[in-house]
Amino acid sequence: MDVVVIVLVLGALAVMIFKKFSSLIYYIGIIDIFLRILDFIANNLKIPVLSDFINTYFPNSVSNIIEIYSSGIFTTVLLWLLLVVYIILDFYLIRIFWKKK
């Protein structure tokens, strides 16, 4: 699981350095959706080898990563910041949706 966290942190740093703030928000949303898809696959496909691999090496979501690697008030603050990121992501997606219409 450490490899996943390192990739997430390096990707977030790269997005922050080379792109706009919106890119970081999209990156976090994409990673969270990807992890939730993997969790769904692991829970609903009855292939033990695949399920064990996904459950061993991939966390369930970004909030699960926060809960695993932090504790106490720091976890609470990070989870609220994640909620703010989700709200901003929702705002960006709605804005794009309305521009398309």
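Of the 101 residues in the chain, 32% count as buried, where buried means under 20% relative accessible area, exposed means over 50%, and partly exposed is anything in between (1.4 Å probe, protein chains only). Keep in mind that this is a predicted model, in which local features need pLDDT of at least 70, side-chain atom pairs count only at pLDDT 80 or more, and totals for chains, interfaces and linings use all residues. Residues are numbered from 1 along each chain as its sequence is written, and side-chain values use heavy atoms, with hydrogens and water left out.

Now for the fold. The chain has five helices and zero strands, so reading from the N terminus you get α-α-α-α-α, with helices (H or I, at least four residues) and strands (E, at least two) taken as DSSP runs and numbered from the N terminus. The C-alpha trace spans about 45 × 35 × 25 Å along its principal axes.

Let's go to the largest pocket, which holds about 630 Å³ of space. Rolling a probe the size of a water molecule over the atoms shows where empty space is left. Here the search runs on a 1 Å grid over the protein atoms alone: a pocket is an open set of points with protein on both sides within 12 Å along at least five of seven lines, whereas a cavity is a set of points where a 1.4 Å probe fits but cannot get out, and lining residues have an atom within 4 Å of a point. Grid points are joined across faces, edges and corners, and the volume is the space filled by probe spheres set on the points.

Who lines this pocket? There are 24 lining residues, and Val9, Ala12, Ile28, Val62 and Ile66 are the closest to the centre. At least two lining residues come from each of helix 1 (2-18), helix 2 (21-44), helix 4 (62-69) and helix 5 (73-100), and helix 5 gives the largest share, seven residues. The lining is made up of 23 nonpolar residues, one polar and no charged, counting Ala, Val, Leu, Ile, Met, Phe, Trp, Tyr, Cys and Pro as nonpolar, Asp, Glu, Lys and Arg as charged, and the others, Gly among them, as polar.

Val9 also turns up on the surface, in a nonpolar patch with Leu10, Leu13, Met16 and Ile17 that has about 500 Å² of accessible area together. Such patches take residues with over 30% relative accessible area and no salt bridge, joining nonpolar side chains (Val, Leu, Ile, Met, Phe, Trp, Tyr) within 5 Å and like charges within 9 Å; the areas come from the Shrake-Rupley method with a 1.4 Å probe, and for residues only the protein chains shown count as cover. Ile17, in helix 1, counts as exposed because its relative accessibility is 61%.

The structure holds one salt bridge, meaning a side-chain nitrogen of Lys or Arg within 4 Å of a carboxyl oxygen of Asp or Glu. Asp32 pairs with Arg36 here, with the closest N and O atoms 2.8 Å apart, and both sit in helix 2, four residues apart, about one turn of the helix. Asp32 is buried because its relative accessible area is 5%, while Arg36, at 43%, counts as partly exposed.
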